[in-house]
Amino acid sequence: MPVKAVEPRRLYRQVADQLRALIESGEFAPGARLPSERDLAEQLGLSRPTVREALIALEVEGLITIRVGAGIFVKVRPQPVPRIREAIEGPFELLRARAFIEGAVAAEAARLAGPDDVEALDDVLDRMEHSAHPSAETLSLDRAFHTTVAGILGNAVMVRFIGELFDQRINPYFARLSSYFENPETWRAALLEHRAVRDAIAAGDEVAARSAMRFHLERSQDRFSLNFSE
């Protein structure tokens, strides 16, 4: 008999599948408001970030609409798009991984950085300060900062790896989540966090550099965790 490979499904995809089934069965009628993220998380026994990733997936697929300040609603006339089959990392999953990995990278960068490396970071930060967010330019400069930190290690594989991690931000789930919460204010906060990473690297303080990078990426998670509605 033909046997198909079994592919593990990410937890947020399992939640999305369960909610999709409830919508398609009529449990949640067109136009109906879904329970809040908090209520869904409690009912499912899961974290709110996992539920949020599932909701974002359903919105990208065209089944629900999220109205910040109002709630989450089943579309009256849903126009579903084909489900995204590839194994896309959830935004919070990605940020947690980046905090762990890039914290270590920043610590090593602090140990190795010379004046030219600090100057390169300053150049990126200066351009970041004079860019309007959100835009393709600011996304590119954000990426440049993180890959410049990785570049201090003198390892091309690490630079490529950090760049590829960052590039997951352009996946449809991350892009949709960002569209709700990124604005000039969050950009200013992130810029200050980047400067703290730079200062720790310039001072050669490995502990502070690790802490500053982890704090930046953990705060990114916090910014993406603001309530859609009360």
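# Why is it called that?

Reader: Why does L121 count as buried?
Author: L121 has a relative accessibility of 0%. Buried means under 20% relative accessible area, exposed means over 50%, and partly exposed is whatever falls in between (1.4 Å probe, protein chains only). So at 0%, L121 counts as buried.

Reader: What kind of model is this?
Author: It's a predicted model, in which local features need pLDDT of at least 70, side-chain atom pairs count only at pLDDT 80 or more, and totals for chains, interfaces and linings use all residues. Residues are numbered from 1 along each chain as its sequence is written, and side-chain values use heavy atoms, with hydrogens and water left out.

Reader: Where does L121 sit, and what is it in contact with?
Author: L121 belongs to helix α5. A helix here is a DSSP run of H or I with at least four residues, a strand is a run of E with at least two, and the numbering starts from the N terminus. Leaving aside neighbours within four places in sequence, L121 is in contact with F145, T148, V149, I152, R198 and I201. Contact means heavy atoms within 4.5 Å.

Reader: What does T148 touch, beyond its sequence neighbours?
Author: T148 lies in helix α6. Not counting residues up to four places away, T148 touches A120, L121 and V124. The C-alpha atoms of T148 and A120 are 7.3 Å apart, although 28 residues separate the two along the chain.

Reader: And T147, why is that one counted as buried?
Author: T147 has 13% relative accessibility, so it counts as buried. This residue is also in helix α6. With neighbours within four places in sequence set aside, T147 contacts V159, I162 and G163.

Reader: How many helices and strands does the chain have?
Author: Ten helices and two strands. Along the sequence they run α-α-α-β-β-α-α-α-α-α-α-α. As for burial, 43% of the 230 residues count as buried.

Reader: Which elements do the buried residues of α9 pack against?
Author: They pack against α4, α5, α6, α8 and α10. Those buried residues include W187, L191, E193, H194 and I201.

Reader: What does the side chain of E193 make a polar contact with?
Author: The partner is the side chain of H216, at 2.7 Å. A polar contact is a pair of N or O atoms within 3.5 Å; within protein, one must be able to donate a hydrogen and the other to accept it, and residues adjacent in sequence count only if both atoms are side-chain atoms. Apart from neighbours within four places, E193 is in contact with F215, H216, R219 and R223.

Reader: How many cavities of 30 Å³ or more turn up?
Author: Two, in a search of the whole structure. Of its 18 lining residues, D142, R169, E182, S220 and R223 are closest to the centre. Helix α10 gives the most to that lining, with four residues.

Reader: What makes something a cavity and not a pocket?
Author: On a 1 Å grid over the protein atoms alone, a cavity is a set of points where a 1.4 Å probe fits but cannot get out, while a pocket is an open set with protein on both sides within 12 Å along at least five of seven lines; lining residues have an atom within 4 Å of a point. Points are joined across faces, edges and corners, and the volume is the space filled by probe spheres set on them.

Reader: How much space lies in the second largest pocket?
Author: About 190 Å³. Its lining has 13 residues, with L139, R169, A175, S178 and E182 nearest the centre. Helices α6 and α8 are the elements that give two or more residues to this lining.
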